[in-house]
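Have the viewer open and follow along.

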Amino acid sequence: MSQRSRKGRRIDGILVIDKPTGMTSNAVLQRIKRHLGAAKAGHTGSLDPLATGVLPLCFGEATKFSQWLLDADKAYRAEGKLGAITDTGDSDGQTVATHDLPEGLDEAMLQRALEPLRGEIDQVPPMYSALKHKGQPLYKLARAGHEVERKARRVTIKALSLVSFTGDRFEIDVLCTKGTYVRSLVESIGENLGCGAHITALRRTAAASFSLADAVPMSALEDMHTGGDLDTWLQPVDKSLEALPALCINPEHCVSILNGQPVRIPGQSNPGQVRLYSCDVASSGDAATESTGGTCTGKKYSGGERPDGVFLGLGEILLDGQVKPRRLVNTATSA
């Protein structure tokens with residue numbers, strides 16, 4: 001093994017952490033990576049130090065598909081405080097302005113403030129964010145007292161509901177596309193009411209197909225000393241692609257796919273990306289599946305279904321019906 005070889009043991013899969021408050025996403029990643037002795041790992045989108053909740057960490061072959069989790073929709077529960085604006089948009093920052101609450105503020109007024117924030121909206125990324133300007137993170141520029149122009153970005157708020165409202169505090173549930181800043185959303189609620197607002201608590205409740213039910217508290221990992229314990233918590237590599245349909249192909253086609261060559265599989269008329277698996281009729285349990293030599297030649301599974309076979313990677317059905325490999329896993333170490 002060369003000196004440039006990656007240190008650590010091979011771990012393939014996705015570990016969903018319930019991130020604690022007060023830690024950056026990268027600090028969580030590095031701590032878990034060291035704890036597991038993993039050779040290769042990456043997280044799938046930063047959470048503010050204030051925030052808690054679902055943080056999927058990708059290991060080994062799963063890092064090849066981390067972009068899918070970065071691009072996926074996210075869900076949050078956020079608590080906001082009205083009447084005060086901070087320089088960071090959350091309670092970790094310094095208060096820069098205070099305002100009286102609107103006279104007669106009630107739930108109906110708050111609901112009206114939410115209405116224009118549903119659907120497609122433009123957001124200007126906050127200065128206290130991890131976005132970079134000329135190679136420098138914006139938050140570092142902000143801490144140094146500098147502010148730079150940021151272009152507005154179009155995001156989609158797919159769902160926005162009021163959970164509770166008492167005095168100057170409110171809770172909301174948010175389902176949004178990638179790149180949405182919930183801090184900015186809460187600030188916009190305050191702007192719509194004319195009194196300002198900032199976040200006091202933020203919890204990510206879902207990322208792609210992962211929810212809090214999948215998440216492991218950091219404390220639960222402190223007692224883990226053997227690799228065997230990983231089986232309890234590690235999600236399969238293909239879990240991040242669960243929204244895509246799956247295509248089961250025969251061994252002959254697998255050879256071509258794994259060599260990077262497109263193949264023509266009968267009956268594939270719907271173009272788009274698919275999860276690729278090698279499996280046979282016996283494991284698919286579908287005697288009606290078109291087959292050659294007892295193997296499946298094109299069984300299609302809907303999103304969320306996982307064939308009983310080896311996961312090969314990401315492929316794409318082209319307009320002419322050919323199936324082309326896009327990103328493959330090392331099948332010698334991943335299933």
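Which residues form one aromatic cluster? They are Phe65, Tyr277 and Phe311. This is a predicted model, in which local features need pLDDT of at least 70 and side-chain atom pairs count only at pLDDT 80 or more, while totals for chains, interfaces and linings use all residues. Residues are numbered from 1 along each chain as its sequence is written, and side-chain values use heavy atoms, with hydrogens and water left out.

Searching the whole structure turns up 2 aromatic pairs (Phe, Tyr or six-membered Trp rings with centres within 6.5 Å; planes under 30 degrees apart are stacked, over 60 edge-to-face, the rest tilted). Tyr277 and Phe311 make a tilted pair, with 50° between the planes.

Now to Thr63, in the loop between β3 (52–59) and α2 (66–71). Thr63 counts as buried because its relative accessibility is 16%. Beyond neighbours within four places in sequence, Thr63 is in contact (heavy atoms within 4.5 Å) with Lys40, Ala41, Gly42 and Cys58.

Here are some distances to check in the viewer:

| From | To | Distance |
|---|---|---|
| Tyr277 ring centre | Phe311 ring centre | 5.4 Å |
| Gly60 backbone oxygen | Thr63 side-chain polar atom | 2.7 Å |
| Lys299 charged end | Tyr301 ring centre | 5.4 Å |

Methods: Helices (H or I, at least four residues) and strands (E, at least two) are DSSP runs, numbered from the N terminus. Buried means under 20% relative accessible area, exposed over 50%, partly exposed in between (1.4 Å probe, protein chains only). A polar contact is a pair of N or O atoms within 3.5 Å; within protein, one must be able to donate a hydrogen and the other to accept it, and residues adjacent in sequence count only if both atoms are side-chain atoms. A charge sits over a ring if NZ of Lys or CZ of Arg is within 6 Å of the ring centre and within 35 degrees of the ring normal.
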